Amino acid sequence: MATIFHVTPFSVSNSNGFLLPYRRSLSERKAGIFVVRSDARVSQARSTGARKNELLITNAVSTKENSSAASTSSKPGHELLLFEALREGLEEEMDRDPTVCVVGEDVGHYGGSYKVTKGLATKFGDLRVLDTPIAENSFTGMGIGAAMTGLRPIVEGMNMGFLLLAFNQISNNCGMLHYTSGGQFKIPIVIRGPGGVGRQLGAEHSQRLESYFQSIPGIQMVACSTPYNAKGLMKAAIRSDNPVILFEHVLLYNLKERIPDEEYVLSLEEAEMVRPGEHVTILTYSRMRYHVMQAAKTLVNKGYDPEVIDIRSLKPFDLYTIGNSVKKTHRVLIVEECMRTGGIGASLTASINENFHDYLDAPIVCLSSQDVPTPYAGTLEEWTVVQPAQIVTAVEKLCQ
């Protein structure tokens with residue numbers, strides 16, 4: 001595969017491996033389907049000296065219900081579904097860098113199981129958008145080898161649960177080869193795909209693998225939750241010289257949001273302040289962001305002022321943003337869809353206790369999914385996942 005592409009060298013603009021982006025005209029966008037709209041709040045991206053060369057957009061506005069179509073059309077930017085935002089980010093990077101390629105099952109002319117790669121095979125050809133057999137261990141290893149030779153592959157898992165078959169490649173090769181080769185090889189690979197509890201997909205297709213991969217040295221992990229951050233994180237992950245796992249939730253693909261026309265790249269290591277508050281810090285990510293925001297409406301009506309942070313970066317944690325919030329509210333609630341035992345919440349609890357214990361006025365509370373296989377029955381499935389009412393109750397007890 002490496003011999004087919006012309007690998008063109010490029011200069012890296014900073015220590016994170018980001019290239020200086022350039023502006024270009026966006027490709028034609030396709031019509032959407034029936035969607036649920038996102039209601040996340042405006043967030044501002046902070047910049048530091050180490051990230052000064054990244055092009056950040058700080059005025060992303062989520063789409064909200066409008067009384068007239070005219071008011072929507074008059075806003076700047078364009079509306080995209082989350083899966084379309086992922087595709088747009090991927091397409092822009094493939095246009096910009098000929099070393100970027102896609103590997104996976106049905107990613108070619110079928111367009112991927114959730115249509116993230118739809119149309120890319122027609123535009124870029126079958127060699128840059130490569131369909132593979134049902135052999136996760138093999139094509140993940142092929143992607144890692146391609147990354148070693150200078151390409152920037154995106155490996156799609158049709159379902160995150162299937163990537164357990166490639167765990168050896170991700171663990172022993174993807175995460176460690178830069179170290180075990182004495183720095184001779186970089187592994188600029190993105191591994192992405194849908195996961196999480198869907199709508200009666202059964203135990204095998206409802207896996208949350210964040211807890212599996214978080215202990216692997218050398219791996220970065222991010223989770224998208226809106227069309228805006230999905231595109232920005234996709235572009236950042238592709239440009240990174242580190243192996244990055246991008247977690248997408250199966251129930252968020254049809255979220256719709258207005259995103260900027262200008263090119264933007266987000267940081268892989270920054271959390272997002274979704275809602276500023278004073279009484280309690282609620283840390284969450286992915287689908288649980290919307291359960292938390294639903295609970296926040298009830299909490300505000302009851303007189304509470306929660307601060308909601310979408311941590312986005314699952315490894316490493318953005319302890320700068322998290323720590324400043326803890327110092328302000330002195331109470332922490334973690335809400336996740338991951339399993340309680342050994343989950344992201346457990347690691348986050350340990351990190352906060354180690355770094356900000358003196359600022360806590362109460363023990364950290366963590367709401368996680370139950371340690372059981374996800375049932376197929378819809379009512380039982382809901383019982384295994386954190387619901388907004390549980391978040392409200394937890395905050396009330398924490399603030400007593």
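A polar contact is a pair of N or O atoms within 3.5 Å; within protein, one atom must be able to donate a hydrogen and the other to accept it, and residues adjacent in sequence count only if both atoms are side-chain atoms. The structure is a predicted model, in which local features need pLDDT of at least 70 and side-chain atom pairs count only at pLDDT 80 or more, while totals for chains, interfaces and linings use all residues. Residues are numbered from 1 along each chain as its sequence is written, and side-chain values use heavy atoms, with hydrogens and water left out.

Select histidine 249 to begin. This residue belongs to strand β8 (residues 244-249); strands (E, at least two residues) and helices (H or I, at least four) are DSSP runs, numbered from the N terminus. Its side chain makes a polar contact with the side chain of glutamate 337, at 3.0 Å. Histidine 249 is buried at 4% relative accessibility, where buried means under 20% relative accessible area, exposed over 50%, and partly exposed in between (1.4 Å probe, protein chains only). Beyond four places in sequence, histidine 249 touches residues including Gly195, Ser286 and Glu337, contact being heavy atoms within 4.5 Å.

Serine 286 is not a glycine, yet its phi is positive, near 55°. It is buried, with a relative accessible area of 9%.

Then select histidine 330, in the loop between α10 and β14 (332-339). Its phi is near 65°, again positive in a residue other than glycine, and histidine 330 is partly exposed at 25% relative accessibility.

Finish at proline 316, in the loop between β13 (313-315) and α10 (319-329). The peptide bond from lysine 315 to proline 316 is cis, with omega near 0°.
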